[in-house]
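I opened the file to look up two things.

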Amino acid sequence: MSSASLFSVSDTIAAWLLAHIAYVFPPPVKGWLTSGDVVLGLTALIFSAILLGASMINVIVLIWWERKLLGRFMDRRGAMHVGFAGLLQNFADGLKLFRKDTVRPTQADELGFWLSPTAYLVTSLVIFAILPISTGWNGGSLPLTLLLALVIFSFAPLFIFLGAWASNNKYALIGGMRSAAQMIAYEVPILLAVVAVVVLAGSFDLTTIVMEQRNYWFWAPLFLALIVFLTGMLAEMERIPFDLPEAEAELVEGWNTEYGGMLFAFFMLADYVRYLVGSILVVLLFLGGWTLPSYVPSVLTSFPLAGIVWFMVKVYLVFGVFVWVRASLPRMRTDQLLRLGWMRMVPLALLSVILAALVVAAHCLPVLGCVPSMGG
Amino acid sequence: MWVNMGPQHPMTHGLWNLRVRIEGEIIKDVDPEMGFLHRGIEKISEDRHYNEIITLMDRTCYVAGLSWEHLFIIAAEEALHIVPPERAEYIRVLSAELQRIGSHLMWYAAFVQDLGLTTPFLYGMRDRDLILDLFQTYTGGRLTYEYMRVGGVRNDLPLGFTARCRQVVDWLMDRFVEYDRLCLSSTIFRERCDGLGLLSAEDAIAYGVTGPMLRSAGSRRDLRKDRPYSVYGQLQFDVATANTADVTGRYLVRMEEMRQAVKIIRQCLDWLDDNPGPVMASQLPRWLGAPYAPVGNEAYLLKRNYPTGLGFSMVEEPHGEAGAYIVNDGGEHPYRVKFRSPVLINIWAAKRYLPGYRVADIPPIMGSVDVCVGECDR
Amino acid sequence: MKRDELAASLTARFGDRILGVDAFPGLLGRVRFDSTIALELFRAFRDDLKFVHLTMVGATDWVDHREVFYVLWSDADLVYVLLSTNLPPDAPTIASAVPIWPSANAHEREAWDLVGVRFEGHPDLRRIFMPEGYAYHPLLRSFKIHEPEDLEVKVRSD
Amino acid sequence: MAESGAQAPAPIPGTEQRPLLWVTRPLATAARQFAKSLWRPSTIIYPFERLEDPKFRGEVAVASGKPIGVGEIWDNYRGVHALNINTCISCNLCAFSCPDVCIEMVTVPGGDPKHPKKCPQIDYGKCSFCGFCSDACPEGCLSMTTRYELSVHKREDMVYSPARMFEVFKSKLPMNPIRVERPKNEDQILLDPPICIGCNACSRDCPTQCITMLDIPKPTPKPGEKLAKRIWKEPVINDSDCVRCGTCISVCPKDCLFWGTRQ
């Protein structure tokens, strides 16, 4: 594991910057500028900026990844012409959306209409601050990172409903209602699946959970929980087959029918931020985070930032699974989603909790798909 | 709460408006509104020569142009007392069945997309393109064919067409299996479609619903069997039926109809290989109009005795039973042309089969109707 | 069923209100009837002669009258029959077939919209293709192409 | 015929219609298509790859193992018209047969000053590409090519003048090779001799020069009878050259020519 962390990098940059800026100021200001508090504040700013930029770039590449994958599933190509293999297409689209006029319906509630896209995007982005990308590359390691992430993650229906209600549109209202209604279908199974992971790892801290997977990844003993978590994540992220709130066949665009221009771009970006976060959570909880099995030659794991690289590879592959599901399954109905959540996923998740408890109790390390590391 | 689904709505597949009264997510009442695409084809037809109306037929139903050409041609030939050669009839049946596959593929693409599954949309459109390529080789058009003429068809099939057509339909038969794998084998698809939009055979008959919607309720009514027009009497095929009367049943019926259409196409190709001959009636009067005569020339109309007659035809179009009624009062134009659009009646019967279901069920149910607004509004 | 059988049974029942049963290519025949017996005739066709399908309702504007025609299909005999009646052009009114065949609803709305035939007893005789409040019936021979500003289109408020 | 309780169609062999393990089969189907299209999806990158390019079409057919396009018979496509001005005889038949009235006969240089040469000018804003005009053209000088890209910036540019269509003709695009056979028993132009005044109008305007004015014997007037004031010539129409355009009928001042079948 690399000794450098994002925080130390930001700290270095902040100290260097402040030292050079302070050079032109008289001594009292100079002393204040180079004091620890100011450096810490600037460090936090730089840290956030790097994190925001990195996550936004990842989000846009994620859109590209989905478009290309979906294209191949559909026997077509996806974006082709802007940039290499269409890599810059989404930047062009974003630029176009940025230039577009934002139209607010006259009868819409102004505050809610403006607030909800922003709040939706911001709450989605906040999660990045606590997600460990690799050792030391997260903002802070709290004891309950996992719970905090899930809590922030489940804010979304609130803002969706707020935006839907504020835009004063029948389709949007139905979509917002559905969003609020389907929340109870997936939150419980997701939390139960997470409980199974927590039982096995013995901690709510994501870094600890990943570290516990050095020996074996959790997907093998907790396969049922993985299935439940993937399904629940699909519903949480409102992707096909669970994108009922924006079912475009009957509700046009559902809760964001009335949004256009940059506000729509906020919603869309936030959606993909959530897809990214969902994929990262799957990787962290079940696929060993940035760790690799020990039989992988050390050439592949010892180069700088290897942890981040392998982590992102895993994230993109997990997102590929989400795209695969999108390419092959139709949309469900609200009542069917509720039935699926309560009658299939909850029992399966409970079963996986029991399995996890048994695994812990018996200290038995499953052999399938995992390799005990040499050092233990 | 009344919700307007349309005129611009992903569910409508065209320009029409489904007004829905909902309570929660339950549909209480519906009121379909038509006419957004009304182009007055019946009125324009009164000012056109018989062959010129064919250009309108392609635009009446833009996914099943050749079926509508066939419909009009049968009625016009009856009104004008013309008998086409048999080879032309076989080519027409071949075209109509290829068009049925094309239209059903288009339906498949649009219908499954309504369920939120976008992949089959591309599959359906891709495979429909093969049919369009076939059409292009002998009619010259990909969407608006203008191929049939009163008294026959415009031209014979080009060399090598039958071999290529066999190749394409063989390939399509494989694709139908893949469609079923994507849809019928999917639990979610079955949950979304089973038991939806129930319309019993009695209700369907009372409400005038025809085509796959009627056959999915167990009725074996198919004009190609019951009242064989053209050369359908000489071809072997089965009527596709299902007994579920729901969306899945309509899916099954349409899929089976495509397979039966392939069967008919193969028979037609065999016959066409063995029986060369003329494709245009030899005793074709010149007063028929374009493109054989200077019909715009007023001098042409002098001193001419026109026959009179009435024409009526019903064909089993991909969407249902389409009808044409032509009054030829002894002029170079028909006096009155009336078309029966199956889609108009099938949509209108939504008052019967839509209430009681959920808002989320509207796209699959209305998708299973196979709406073509062009022929509905004419 | 043959055409003369049909003619005999209809004449026996309705007398001279049946104006004739003509030959028609591809159909069992064309029954011309007096518009006053419309409902009884429809009921006879549906219940006694088993013409359960109403396939088409249309109207034609002739010089001195308006013709309304109905096409029926019998599942038992596998034939179509065309019923036709003439209405005066100044008051083209006929009983609606909706009580007999619910499918007549849309057909009759279309005939009212395009040719201006009024169907008595139709539950919902609105325009179907033309906008509400449109003043003309386009398939009439007297119809002229109007400038758009001549049209008054009423917008429904609900 | 409505039979209740009819059977559902029998499943085709190889199609198991029941769901298996929830959604595994559609997932597998999509994955198979993904694997198939990894190398070469079916789409054609349109402006750079074209369906009508035979080389390209062969390549795709080989790579994807399925037929795309129909090879050598793409030429049947009905696209923009090509007009050979040199062989156009100004018979008006294309304009007469156009259902959309989008063809206008305009004067082109090359005719003699008394009877200017007129060639079709097509407004593609109205054209429906039905091909009636090229079917009606007796000389085969108006035919349709495989060119289908018509977008322009101004509406006036949709109007193709004869010179512009001649450019299309000279560009050697593949032309629609299908010729429609004209009906065998075409009407002929007949003459009502007593009405004819021998004015030469029909012969003068005939686009194919198939009408010749032949002398007819001038009858000797009986005493008291006044001879009609006319030129003692009558048109004789060479049926094999006649294209049945009806120009002679429309120019005849006395309406003495008409359509009919010679017994």
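**Sheet in chain B**

I looked up an open sheet of 3 strands in chain B, with order 6-7-8 and antiparallel pairing. Strands here are DSSP runs of E, at least two residues, and helices are runs of H or I, at least four, numbered from the N terminus; two strands pair if DSSP finds at least two bridges between them. The edge strands are strand 6 (309–317) and strand 8 (336–340) of chain B, each pairing on one side only. I noted an average twist of 10° from one strand to the next; axes are lines fitted to C-alpha atoms, for helices over the stretch in contact, with angles from 0 to 180 degrees between N-to-C directions.

The model is predicted: local features need pLDDT of at least 70, side-chain atom pairs count only at pLDDT 80 or more, and totals for chains, interfaces and linings use all residues. Residues are numbered from 1 along each chain as its sequence is written, chains are lettered from A and ligands numbered from 1 in the order written, and side-chain values use heavy atoms, without hydrogens and water.

I followed strand 6 of chain B to strand 7 (320–328) of chain B: the two pair antiparallel over 9 bridges. B:Met314 has B:Gly323 in strand 7 of chain B as its bridge partner. Helix 3 (65–80) of chain B packs on the sheet and touches strands 6, 7 and 8 of chain B, contact being heavy atoms within 4.5 Å. The direction of helix 3 of chain B makes about 155° with that of strand 6 of chain B.
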